[in-house]
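Here are a few exercises to work through with the model open beside you. Try each task before reading its solution.

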Amino acid sequence: MEQTNTLCQDGKSEGGVLAHLERLETGVSRSHKQCEELQGAQAVGSALATKIHKLRCLRDKLRAEVKQRQARVKTSIASVEPDQTVKISEQEVLERKQENVKAILQAYRFTGLSGKLTSRGVCVCISTAFEGNLLDSYFVDLVIQKPLQIYHHSVPVFIPLEEIAAKYLQSDIQHFLFSLCEYLNAYSGRKYQADQLQSEFAAFLAGPLQRNSLCNLLSFTYKVDPRGEGFPFCARLLYKDLTVTLPTDVVITYQGTEALSTSWEEQRASHEILFRTKPLHQVFASFAKTGEMLDMSLVY
Amino acid sequence: MDETVAEFIKRTILKIPMSQMTTILKAWEFLSENQLQTVNFRQRKESVVQHLVELCEEKHASLNDAALLDIIYTQVHRHQKMWDVFQMSKGPGEDVDPFDMKQFKSSFKKVLQRALKNVTVSFRDTEENAVWIRIAWGTQYTKPNQYKPTYVVYYSQTPYAFTSLSTLKSNIPLLGQALKIASKHQEIVKMDLRSRYLDSLKAIVFKQYNQNFETHNPTTPLQERSVGLHVNMDSRIIHENAMEKERVQRITQETFGDYPQPQIEFAQYKLETKFKNGSILAEREEPLRCLIKFSSPHLLEALKSLAPAGMCRIPKLFCSSGSYSQGNSYLYHLYFPLLPDNPRC
């Protein structure tokens, strides 16, 4: 008991010193902490202060710029005189450029081969023409992947697209496109000639024009002079090569049992050469012209 | 004029509705203008028909003339027949044939006449480089039955022929043979496409549908393009899946295009697929094989409305439509992505 008392007493007195020491220690550490915190806060505060300063400067700069632009616009409006061109703003310049580019892209189809990028690849447009007349357009939609594939197309079924693709699509796409262009342009050209014959020069035909889908075999009976009594000739034009617009073989026969007189025989032979060298509708146009000349000579 | 021919002409003319009588007779070009003017078309139909048959007698109409009239009637009423499609193929490396219509016709007729003594074959050219063929079948001992003819429509230099078969199954191989030989092809198979609408079959097979190509020259203003499924939305209503709906509409439009679909009623194809991973049948070696049949009064319009109606998922990737290297099943290639669950065919 006494021990505890002495301990207690000692404890009390020691507790007093120790406790005092402890108190002093915690006080020191607390004040250290407070110091650090204060320093930290000061640092943050000064950082924020610099930031605020920067932002204020930026704001002032922007305000000044806005004021300047407004002043510029005002002066430009104010200084417009009737004989001075209006200053075009940058946006208008860009818009004009964009429209220009759009127009070029649209006009590109007149080159015969144009295209547009799609989400899958590219859609190629082949615009066919013959002798300066723009004819049908055909499309091939390609998917860009390995292997290259045709997604869909508007090429007529009788054009040998599969064969051309099998030969060139994977190895040389340029060759593929040019080859397809050749076939389609030739087909369009032949079709155009046959259509012209049927519509413009129907008077020269003695019967219907026999044709096939590719327009590469045409047979018809015609007279050089639609009103005259001349002999009707039967013509058979074969375009063996699908990439040409002039026939490879021309056979002109005469319907009848009697032998032709030499003049008619000469004409028959010359017609064979004519059909092989000039487009169909032009041959008939020349027939029409000689007919007119004959008419004129009859008048006088 | 033969009695059978007279009867045949009478029955054919009786089929023609009065409103189309003069047009069809004019297209026939057998009776002259003067003769037609002598007919009083306001009488009762039986009297008109009687008068017309008498006029045909005067002109000595042949079986061929009568067959021609039948072809014209069928051309006008093509929807009354059910059309199938045959596909032909050439051997490898063969050149495109410079098709001679005269040669085709004589070759076709010869093949049929050599096999069947009794057969009537008639032709009528159309403007689009096509020919309508009418075949009345007989046997070695019986005369051709004029009332159950087969019609074939063939476009020159194409590998397709459209037929309305109304004959014994035994005649079909012979018809295929004749078509093959006359058009200079090696093989012929019947496709799985059938419809009353010849023009729709043509559009599908010649790929004349969906001419929706991206160019820098837009031909239709944006407002006109619509799939017809607009909902007048109140701005206070927020559509949760508006973006998804837009995507579905856009893909549907890209697949089907903006205009009416070819009209087909029936399509079928074979399907071979494995089961999904995770299902109890996933480890099965043997794939599932089945035959899927679609039928509808207007199949393609029905398919077109599936996705916007929310009845199937649309995957982001597409199968190529009508890929040139594949032979059959254009329908599959085109509309395949819209089927629920992407099976492999």
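Strands here are DSSP E runs of at least two residues, and helices are H or I runs of at least four, both numbered from the N terminus; two strands pair if DSSP finds at least two bridges between them. This is a predicted model, where local features need pLDDT of at least 70, side-chain atom pairs count only at pLDDT 80 or more, and totals for chains, interfaces and linings use all residues. Residues are numbered from 1 along each chain as its sequence is written, chains are lettered from A and ligands numbered from 1 in the order in which they are written, and side-chain values use heavy atoms, with hydrogens and water left out.

**Exercise 1.** Work out the strand order of the open three-stranded sheet in chain A, and find its edges.

*Solution.* Start with the order: it's 5-6-7 in chain A, with antiparallel pairing. Next, the edges are strand 5 (217-222) and strand 7 (249-254) of chain A, each pairing on one side only. For a closer look, take strand 6 (residues 233-238) and strand 7 of chain A, which share six bridges. One pair to click on is A:Phe233 with its bridge partner A:Tyr254 in strand 7 of chain A.

**Exercise 2.** Describe how strand 3 of chain B is joined to strand 2 and strand 4 of chain B.

*Solution.* First go to strand 2 of chain B: eight bridges tie it to strand 3 of chain B, antiparallel. B:Val119 sits opposite B:Trp137 in that pairing. The hairpin has three residues between the strands, and B:Asn129 takes a positive phi near 60°. Then turn to strand 4 of chain B, which runs antiparallel to strand 3 of chain B with six bridges. There, B:Val131 has B:Tyr154 as its bridge partner.

**Exercise 3.** Is strand 3 of chain B enclosed or open to solvent, and which way do its residues point?

*Solution.* Buried means under 20% relative accessible area, exposed over 50%, partly exposed in between (1.4 Å probe, protein chains only). Eight of the eight residues of strand 3 of chain B are buried, so the strand is largely enclosed by the rest of the structure. B:Ala130, B:Trp132, B:Arg134 and B:Ala136 point one way, while B:Val131, B:Ile133, B:Ile135 and B:Trp137 point the other.
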